[in-house]
Amino acid sequence: MPHYSDAIIVGGGPAGASCAIWLARLGLAPLLVEADERLGGLPNDNPFADDWIATLPGVTGQQVGANIARSVEAAGVEVRRGRRAVAVARTDAGFAVTVQKHAHIDTSAGGADGQREQDEPSEQGESGKQAGAAPGATETLYGRHLVIASGVRARNLAGAAPGDRWPGVLVGPGSGIVEQDFTGLSVAVLGGGDNGFENYAYVKGRGARTVHLYARGVRARPQLVDAVPAADLRVGSYRVDPAARQVDGHPYDLLLVLYGWEPQADFAAALELRRDERGYIHTDFATARASAAGVYAIGEVANRMHPCVVTSMADGVVAAKAIQAALER
Ligand SMILES: Cc1cc2nc3c(=O)[nH]c(=O)nc-3n(C[C@H](O)[C@H](O)[C@H](O)COP(=O)(O)OP(=O)(O)OC[C@H]3O[C@@H](n4cnc5c(N)ncnc54)[C@H](O)[C@@H]3O)c2cc1C
């Protein structure tokens, strides 16, 4: 019989980290799996002041991400970083999650930052058989409960796979845009939501030569829309050639794709969870339980009314308490 943690949590953003911290605080043994080399999730992409959290005025999203990582470490949570969950199967005692290892710098909870990952011996008994294997190798981790906290990813151009990238084409908001020098460049911003209009204003204010905003339909707040001169706004269908960096045959130095978000929980497809038409996982609001026994979904992957750090962390607490109640039954 392999070693089973009380719960495997997939995703070390605000939701998953909060759940793991609370489970540890309740005396249980969670295992937190994170695809990235850093814990903290999407806040790591936000270099701006996070003014949505009333208790942390002036703190940036990136500081929020770093604080989350520190709190996980302080709680003594067992963490597997640089491991992407790729599949899950139900077992007699719970769940077997297959994770794929990335090449990265790894630090275990309590370890020193920047430590190069070694081919470490298994800490998981049979479940960790292949830990320390080459990047790309898989291992299987076992848990009595499964918590899906894998969040969302920025939607890519129509027809592209989520990870497809082209030079000069930036997908999604955040650090990638902030790190870009726009001085003297011609830029097309694609997307009719708040993100598209906000980033139009951002790029315009960063010295771009021309900025055109393409929106198939306009969903942004009126005050954002009113701030875009009619000459810069193209509403209606358009054609994008990302390799040539052209929109409707017009060449640009940069294309910014701001098409919103989509849930990422493909690894859990075999569980056939109830989802909405966009793929967000349906849960019971009071317990964060998904439609299959022993499975919980928290944070953005469960599509809260206003997805943010606070609602995601609250979800994590709810799932932890529900798991504690289930284990004590
Ligand atoms: C640019 C930007 C600015 C924002 N500003 C704010 C703000 O000011 N205030 C605020 O409250 N919120 C803000 N948000 C929103 C906030 O960051 C999210 O609502 C919150 O991070 C959602 O938390 P989560 O844990 O559900 O998901 P995420 O933060 O997305 O975390 C999910 C984690 O799961 C990991 N993961 C995904 N798939 C797998 C897998 N298969 N295996 C293992 N790991 C996986 C990901 O790597 C990620 O670390 C901002 C977001 C962005 C992008």
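Me: How many Å separate the centres of domain 1 and domain 2, taken over C-alpha atoms?
Reply: Happy to start there. This is a predicted model, where local features need pLDDT of at least 70, side-chain atom pairs count only at pLDDT 80 or more, and totals for chains, interfaces and linings use all residues. Residues are numbered from 1 along each chain as its sequence is written. Domain 1 covers 5–153 + 261–328 and domain 2 covers 156–257, with bounds from an automatic or database domain assignment, and the distance between their centres is 32 Å.

Me: How many residues of domain 1 are in contact with domain 2, and what is their make-up by class?
Reply: Contact here means C-beta atoms, placed from the backbone, within 7 Å. Four residues of domain 1 touch four residues of domain 2. Counting Ala, Val, Leu, Ile, Met, Phe, Trp, Tyr, Cys and Pro as nonpolar, Asp, Glu, Lys and Arg as charged, and the others, Gly among them, as polar, the domain 1 side has one nonpolar, one polar and two charged residues.

Me: Which elements give two or more residues to the shell around the ligand?
Reply: The shell holds 37 residues, each with a C-beta atom, placed from the backbone, within 6 Å of the ligand. By class they are 18 nonpolar, 13 polar and six charged. Helices (H or I, at least four residues) and strands (E, at least two) are DSSP runs, numbered from the N terminus. The elements asked for are α1 (14–25), β2 (30–34), β4 (83–90) and α6 (309–328).

Me: Is Arg70 buried or exposed?
Reply: Arg70 sits in helix α2, residues 61–74. Arg70 has 12 C-beta neighbours inside 10 Å, so it counts as exposed.

Me: Over which residues does pLDDT stay under 50?
Reply: pLDDT is the predictor's confidence in each residue, from 0 to 100. The chain has a mean of 90, and 91% of its residues reach 70 or more. The stretch under 50 is residues 104–131.

Technical notes:
Two residues are in contact if their C-beta atoms, placed from the backbone, lie within 7 Å. A residue is buried if 20 or more other C-beta atoms lie within 10 Å of its own, exposed if 12 or fewer, and partly exposed in between; C-beta atoms are placed from the backbone.
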